[in-house]
Amino acid sequence: MIGRPLRRFVARASRQTSDRWLYAWALGYAAVGAASLLVPLYAIALGADPFVVGLVEATAGLAGVPGALIWGRLADETGGRRGFVLGSLFGAGAVLIGFPLLSAPVAVVLLNGVLWFVVSAASPVVTLFMIEGAPESEWETRIGLLNAFQRYGWVGGLLVGVGWLGAVATGLDLPAIAAQRGLFYLCAAATVAATPLAFYWLPPRTTTTPGRLARSGALGRLVAGGRYVKLVAFVPLRSLFTRRIRRPTRLLTRFSPGLRRYFVVVFLFSAAFSVFFGPAPAYLADLRYDSTAIFGFFIVSNFVSAVVFVPIGRLTARLAPATLQLRALAVRTALFPALGLVGILSAWWLRTGSITLGFALIGLTWAVVAVTAAGLVSRAAPTHLRGEALGIYTALSGIGAGLGGAVGGAIANAAGYTVAFGVAGLLVGVSALVLLTMTPALPTGVDTGG
């Protein structure tokens, strides 16, 4: 009796403030953001070696791509798009509850794949809810708002992780692994709590099709908003199937040789980044940093990305995006191996300061790469193929990230972190060299909407 009037009241409120569902989505994103780092740290606490920790990164990248395709097709065929957002939030909570029950690192890796498969259920449709009812001229602004909620929700989750693992767990005198299990329950509670809020506040339906969004110029902003492919809303990836194209090679031949070569660059630097990030949590743990400090380093990186994303977008409107991307890749070419050598510094303050600065530069360079890459693909592809080009960009990023995480963990386990991070820098350098050979053929301006 009470539920129906309450639902009508909230529904009336949500029509007056149609973006209220973003708060529910950001709450769920905060939980997933905290879990993105908590999962590898929990695997380490259970005795995982660097290879297994790298597999955590690999499963996150690889599970999201097919997940978005499968969920996206089901969403189109059933038309029940609200259910995929609600199922993603509630399902993520159900999966997160399972982590504290595990005692084997390999089981953590497998459940992490399930987590990102479930999270990806919302990816193909959440952007459609964002632009529903808005004129097409406002789509890019709307997508920018969605990215802002997602980015700051993610950072907020990392901040909660620091607070829980630091102040709360210390105050309760909890062992480290018990504190991590408690944080899993807190993340699960957040996603479950976000589910009824999204139920009340989401628009009743969406009428915009993925194909129409795929043809719009707003997609570059959508793709550029993700920290990794697993953060990207997958409407561009879903658009690969709007024309029922079944042969990837046939699809690739529809693009210019320059754009096809740039896809090679995308795959190389995506794999290279994950060769570093896959074993990075294990590396920091081996340097005797606790979970709170490791969360802090990743907060620095994500916060810098969030702050500079819009200014970088404005900068690329004035300078050649390929040149900016080359500079960012050059920084990472030297930065990854340098971070691998930080462990030899004996002074704690010098080592910690160097890592903090390194992660700040990682965040800055990611913002440059994300904005310029999406812009270059958008400008280099014909208008009617823009969505498909960005879909390939998204897929290659995810596949590269998945393979890179596994390779980075394997190298770190066999030859050490210094070698693994050196390989990461080498691969970034190779991608930069390929990009350098083709800069004259790339667009000289990019419309990022920043």
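Q: Which elements of the protein have the lowest and the highest mean pLDDT?
A: This is a predicted model. Helix α1 (residues 3-16) has the lowest mean pLDDT, 45. Helix α14 (residues 280-286) has the highest, 96. The protein averages 82, and 81% of the residues score at least 70.

Q: What is the pLDDT over residues 225-237, and how many contacts beyond four places in sequence does the model have there?
A: The pLDDT stays under 50 over residues 225-237. The scale runs from 0 to 100 and expresses the predictor's confidence in each residue. The model still has 62 contacts for this stretch beyond four places in sequence. Residues 446-450 are also below 50, with 20 contacts beyond near neighbours in sequence.

Q: Why is L62 called partly exposed?
A: Its relative accessible area is 35%. Buried means under 20% and exposed means over 50%. The value of 35% lies in between, so L62 is partly exposed. L62 is found in helix α3 (residues 50-78).

Q: Which residues is V192 in contact with, leaving aside neighbours within four places in sequence?
A: F90 and G93. Contact requires heavy atoms within 4.5 Å. For V192 and G28, the C-alpha atoms are separated by 8.2 Å, and the two residues are 164 apart along the chain.

Q: Which members of the largest nonpolar core touch the most other members?
A: F99 and Y262, out of 124 residues. Helix α2 (residues 21-45) gives the largest share, 16 residues. Core members must be buried, so each is under 20% relative accessible area. Beyond four places in sequence, Y262 is in contact with F269, Q325, A373, L376, V377, L435 and M438.

Q: What share of the contacts with a separation of 6 or more comes from residues 24 or more positions apart?
A: The share is 86%. The protein has 19 helices and 0 strands. Buried residues make up 58% of the 450 residues.

Technical notes
Residues are numbered from 1 along each chain as its sequence is written. This is a predicted model: local features need pLDDT of at least 70, side-chain atom pairs count only at pLDDT 80 or more; totals for chains, interfaces and linings use all residues. Side-chain values use heavy atoms; hydrogens and water are left out. A nonpolar core is a set of buried Ala, Val, Leu, Ile, Met, Phe, Trp, Tyr and Cys residues joined through side-chain atoms within 4.5 Å. Buried means under 20% relative accessible area, exposed over 50%, partly exposed in between (1.4 Å probe, protein chains only). Helices (H or I, at least four residues) and strands (E, at least two) are DSSP runs, numbered from the N terminus.
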